[in-house]
Amino acid sequence: MSLSEIAFSVLKPFLGEDLGADELKEMVESTFSFPIPLKPVDERIQVLELFHGPTQAFKDVGARFLSRLMSRLHPVTEKKMVVLTATSGDTGGAVAHGFYKVPGIDVVVLYPDGKISPYQQNQMTSLGHNIHAIAVDGAFDDCQRLVKQAFNDRSLRQDVAVTSANSINLGRLLPQMVYYFQGVARIMEQNGQKPPVVCVPSGNFGNITAAVLAHRMGLPVKRFVAATNVNDVVPRFLNSGNYEPKDTIVTLANAMDVGDPSNWPRLFELYNQDTDKIKKEIAATVVNDREIQETIKTVFSKNSYLLDPHSATGYLGLSRELKGEESGFFVSTAHPVKFLETIEAVLPDEALKIKREFGDAFEAKGTHETMNSSYKELKEYLLKL
C-alpha cells in the first residue's frame, strides 16, 4: 500500500463518524504528501526518515493533519480559535507552518528563550500573519505548565476558544501512528515477516505513545526502545519505581529536554499503571552529550549516514538493545540542518555542505515577543489577541 492508503486505513476507525470517506482521503493525501523512506544504516539497523516535510521534523505529520482536521471540524465562528502550543524546538515550527493563514485560527507558540536552535526559532518567528511566537524566560517545562494553566482556566475559556496542537491533543498522536505502520510494513517485506525492534528518541513521550497505540491496533512490533537524553525521569522510574520529575537539563538533543513528560501519565494508563507490563514491551536507555557526538561522528565515518542529535540517540539506543539476530529501525525525527552547531563541532565539512544547501534559511529575520514564566502575563496576552 502507498503511504496515503496506509493512512486512510489506520485513521478511518477514529474519524469515520466525523468525516466522509472522500474527505478523509483528501485529508491524508494532502498531509502525507512527502516521502517517509526506510533506509539502511548498517546490517541490522535501519532508519525511518520523518524529516522530509516542510519544517524538516516529524511533527510535520501531526501538525499538518491536525490543522486540516480543525479547519474542517471547527468552521469559522464569531469566537476566534487560539491554538496554544509549547515547544522544545520542533513542534513550534511544524504547528506554525501547518496552521499558517488557516482562517479563524490564531497560533500562539511558547518556546524557552535561548534554548532552541536559531534555525528552529526562525521557522516560528518568520511567518507573521496568524502566527505569534513568544520567547519565555524559563525551560520547556515552564512553557508546558503555562499551556496547561490556560486550559484549566475557566474564566479564560469563556472568552477565548483555546485548544492545543501539542501532543496533549490526540489529534496529533493519531496521524503519527501511520508512519509506524509504514516502517514496519517496509522492514517486514525485507526480513521474512519478522516483527522488528523499534526505537523512538523520547522527550515528552508523545511519539512513543503513538507507537504503542499503533501496537494496540495490531502493529507487529517485537518491542520498543525509548531512548532519552540525560533528562531521564522515565528510565529512572522504570529502574526504581519512583517517578521524580527534575529541573530540565540543557543538552545537544534539545527537543528532548523535558523534565516532566506530559505523555508519560497517558502511556502509564495504557499499561494500567503496571510497571512490569511496561518493561516487557519498552526498554529505556539514556544517552549523554558525549555519546551523541561520538555516535554522529562514528556512524558517518563507518556508514556515510549523517545523524542529528536526536537520531543519534535513537541509533545508539537501538544498537544497545538489539539481541542475537534481531533487527529493527529507529525513527529519525529531524534533519541535521536544525542542529548545525552540533554537526559543525564534530563534522565541520558536512556542516559546511549543509550551510551551502540551506543558506537562505539561516538568514530569515523573524520577530517574537518575550514573556516571563508567570501565567498572569500569558492570560493578559491571550485576552487581547
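**Around helix α10**

Analyst: Let's start with helix α10 (residues 233-240): the cover over its buried residues includes β8 (223-228), α11 (264-270), α12 (275-281) and β9. The model is predicted: local features need pLDDT of at least 70 and side-chain atom pairs count only at pLDDT 80 or more, while totals for chains, interfaces and linings use all residues. Residues are numbered from 1 along each chain as its sequence is written, and side-chain values use heavy atoms, with hydrogens and water left out.

User: Which residues of α10 are buried?

Analyst: V233, V234, P235, F237 and L238. Just past the end of α10, G241 takes a positive phi of about 85°. The names come from DSSP runs numbered from the N terminus: helices are H or I with at least four residues, strands are E with at least two.

User: Why does V337 count as buried?

Analyst: "Buried" means under 20% relative accessible area, "exposed" means over 50%, and "partly exposed" lies in between, using a 1.4 Å probe and protein chains only. V337 has 0% relative accessibility, so it counts as buried. You'll find V337 in the loop between β10 and α15 (340-346). The C-alpha atoms of V337 and Q56 are 8.3 Å apart, although 281 residues separate the two along the chain.

**Two helix pairs**

User: What makes α1 and α8 oblique to each other?

Analyst: Two packed helices are described by the angle between their axes and the distance between the axes. Axes are lines fitted to C-alpha atoms, for helices over the stretch in contact, and angles run from 0 to 180 degrees between N-to-C directions. Helix α1 (residues 3-15) and helix α8 (residues 170-190) have axes that come within 9 Å and cross at roughly 130°. Now the cut-offs: under 35 degrees is roughly parallel, over 145 roughly antiparallel, 65 to 115 roughly perpendicular, and the rest oblique. That is why α1 and α8 are oblique to each other.

User: Which residues of α1 and α8 meet?

Analyst: On the α1 side, L3, I6, A7, V10, L11 and F14; on the α8 side, L174, P175, M177, V178, F181, Q182 and R186. By class, the contact of α1 with α8 has eleven nonpolar, one polar and one charged residues. Here Ala, Val, Leu, Ile, Met, Phe, Trp, Tyr, Cys and Pro are nonpolar, Asp, Glu, Lys and Arg are charged, and the others, Gly among them, are polar. Contact itself means heavy atoms within 4.5 Å.

User: Why is α4 called roughly parallel to α5?

Analyst: The axes of helix α4 (residues 90-99) and helix α5 (residues 118-125) come within 8 Å and cross at roughly 25°. That makes α4 roughly parallel to α5.

User: Is the crossing of α4 and α5 left-handed or right-handed?

Analyst: Left-handed. That word is used if the near helix is turned anticlockwise from the far one by less than a right angle; clockwise is right-handed. The contact involves D90, G92, G93, A96 and H97 of α4 with Q120, Q123 and M124 of α5.

**Strands**

User: What is the order of the six strands in the open sheet?

Analyst: The order is β1-β2-β10-β7-β8-β9, and the pairing is mixed. β1 (38-40) and β9 (282-286) each have a single partner strand, so they stand at the edges, with one side of each lacking a neighbour in the sheet. From one strand to the next, the twist averages 25°.

User: How do you know that β1 and β2 pair?

Analyst: Two strands pair if DSSP finds at least two bridges between them. β1 and strand β2 (residues 45-49) have three, in the antiparallel sense. In β2, Q46 stands opposite P40 and L48 is the bridge partner of L38. β2 also runs parallel to β10, joined by five bridges.

User: What makes β2 mostly covered?

Analyst: Five of its five residues are buried. In a regular strand the side chains alternate between the two faces of the sheet. In β2, I45, V47 and E49 point one way and Q46 and L48 the other way.
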